[in-house]
Amino acid sequence: MFEKVLIANRGEIALRIHRACREMGIRTVAVHSTADANAMHVRLADESVCIGPPPARDSYLNIPAILSAAAITGAEAIHPGVGFLSENARFADMVTEHGFVFIGPTSDHIRLMGDKVTAKQTARDFGIPTVPGSDGAVADADEAQRLADGIGYPILVKAAGGGGGRGMRVAENAAVLGEAFAAATAEARAAFGNPQVYLERYLGKPRHIEVQVLADGQGGVVHLGERDCSLQRKHQKLLEETPSPALNQAERHAVTKLATDATAKLGYRGAGTFEFLYQDGAFFFIEMNTRLQVEHPISEMVSGIDVVREQLRVAAGLPLSMTQADIKFTGHAIECRINAENSVNFRPSPGTITTYLAPGGLGVRVDSALYEGYVVPPHYDSLVAKLILHGTARNECIMRMRRALEEYVIAGIDTTIPLHQRLAAEPDFIDGNYDVHWLERFVARTHP
Ligand code: ADP
């Protein structure tokens, strides 16, 4: 096993990775921007290196600075966390070329799945159903018009290199397709440096169901069940739960098998997630994430498996520490994403934390890098805490969610805690009766 790992990330996820390393006797190196000199991930790590000024492109995305930090501190491996460089195939290659281990899949797998067009094609080659749409990238607005007539409206124009819910535009009919095509292309070029877009049928009431897989590249492949991530705003997840209240056992078995079969066929190594839309009893593959995901803790809560620990093991050339038969799923888990933003108008709310009191008790896990006096910087993603609840059944888990949200004090900034409280009291949520479009309507209804 590695003796020292550099964590190329910040915030709660850097802390999460640090914790797994610590429990395995691995020393950690934190990197940070000047804005994060006092951050918790820096305080807890064994060593830390400043890698640049606040903007992410100059620090957390600054590959030469990160590689230098690894060389100076004698780290053997680099964990990219989520976001930032975690799905950057060039970074994975450079890490390896400089003699470090990249804690993640091979750069070939990142490349194959990072482009959603080739990912969908690969899924189809494996016999996995995908959302009906264009077979590949669409050259121009005229071609889009022609293809859309065959696919049927409404149409979703999606960026091939997209992520984080960006680079997506809905066209209700042919009259607005040209506009949607141009807007998605422009956003894709600006955000991802890749203007390619493709078309999908815009489904009316799908649920987002994803499957967490782990593989060691030596024949060991397991899944940690599915996650229902349908509660989204602007295509970004806000609350996730497992198991999905929408699936029966046969459907659960079917979707997890699609994912593990594909993982085996790919010869994949590492942690990964297969994302599907589920509507009218059918699953349609949309993309694969070749990295750790923000919502991984709910799978850990019901399976008892530490996803980051397994990532470290397989990166070090060890087999997974379990087989599928060893994994026993117990109870229900929910994650509330707590963002530093206003819960009504969703404006970002950076600033100083004047009081901080995290909830505790049975079945409560808080993954957060907040502390009293900490200044949430304005430069990064607004996620500041994940409240993760576990209960023997879904009802108990929701009651625990309500109780823990009541206890949670984060003063000095606005957070999405009040939104989660409204959700926890909402009959549709309590009944598990929601799709990916539901939350937007709920927000509009409760705050017109
Ligand atoms: P990203 O990589 O940006 O997260 P995804 O392809 O994973 O993009 O889609 C994000 C979300 O957008 C999905 O979870 C779903 O809510 C919505 N979405 C994506 N494709 C479709 C579709 N064809 N029809 C309806 N909603 C969709």
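Mentor: A helix crossing is left-handed if the near helix is turned anticlockwise from the far one by less than a right angle, and right-handed if clockwise. Helices (H or I, at least four residues) and strands (E, at least two) are DSSP runs, numbered from the N terminus. The model is predicted: local features need pLDDT of at least 70, side-chain atom pairs count only at pLDDT 80 or more, and totals for chains, interfaces and linings use all residues. Residues are numbered from 1 along each chain as its sequence is written, and side-chain values use heavy atoms, with hydrogens and water left out.

Trainee: Is the crossing of α12 and α13 left-handed or right-handed?

Mentor: Axes are lines fitted to C-alpha atoms, for helices over the stretch in contact, with angles from 0 to 180 degrees between N-to-C directions. The axes of α12 (residues 394–407) and α13 (residues 417–424) come within 10 Å and cross at roughly 150°. That angle makes α12 roughly antiparallel to α13 (under 35 degrees is roughly parallel, over 145 roughly antiparallel, 65 to 115 roughly perpendicular, the rest oblique). The crossing of α12 and α13 is left-handed.

Trainee: How many nonpolar residues does the contact of α12 with α13 have?

Mentor: Contact means heavy atoms within 4.5 Å. By that rule I398, M401, R402, L405 and E406 in α12 meet I417, H420, Q421 and A424 in α13. Ala, Val, Leu, Ile, Met, Phe, Trp, Tyr, Cys and Pro count as nonpolar, Asp, Glu, Lys and Arg as charged, and the others, Gly among them, as polar. The contact of α12 with α13 has 2 charged and 2 polar residues, and its nonpolar residues number 5.

Trainee: Are α7 and α8 roughly parallel, roughly antiparallel, roughly perpendicular or oblique to each other?

Mentor: The axes of α7 and α8 (residues 174–192) come within 10 Å. They cross at roughly 135°. α7 and α8 are therefore oblique.

Trainee: How many charged residues does the contact of α7 with α8 have?

Mentor: A141, A144, Q145 and A148 in α7 meet A174, L177, G178 and F181 in α8. By class, this contact has 6 nonpolar and 2 polar residues, and the number of charged residues is none.

Trainee: What is the angle between the planes of Y60 and F84?

Mentor: Rings of Phe, Tyr and Trp (its six-membered ring) pair if their centres lie within 6.5 Å; planes under 30 degrees apart are stacked, over 60 edge-to-face and the rest tilted. The count comes to 12 aromatic pairs. Y60 and F84 form one that is stacked, 5.1 Å centre to centre, with an angle between the planes of 25°.

Trainee: Is F84 buried, partly exposed or exposed?

Mentor: Buried means under 20% relative accessible area, exposed over 50%, partly exposed in between (1.4 Å probe, protein chains only). Y60 has 1% relative accessibility and counts as buried. F84 has 29%, so it counts as partly exposed.

Trainee: How far apart are the ring centres of W438 and F442?

Mentor: W438 and F442 are 4 residues apart in α15 (residues 438–446), so about one helical turn separates them. W438 is buried at 5% relative accessible area, and F442 is buried at 1%. Their planes are at 10°, so the pair is stacked, and the distance between the ring centres is 5.0 Å.
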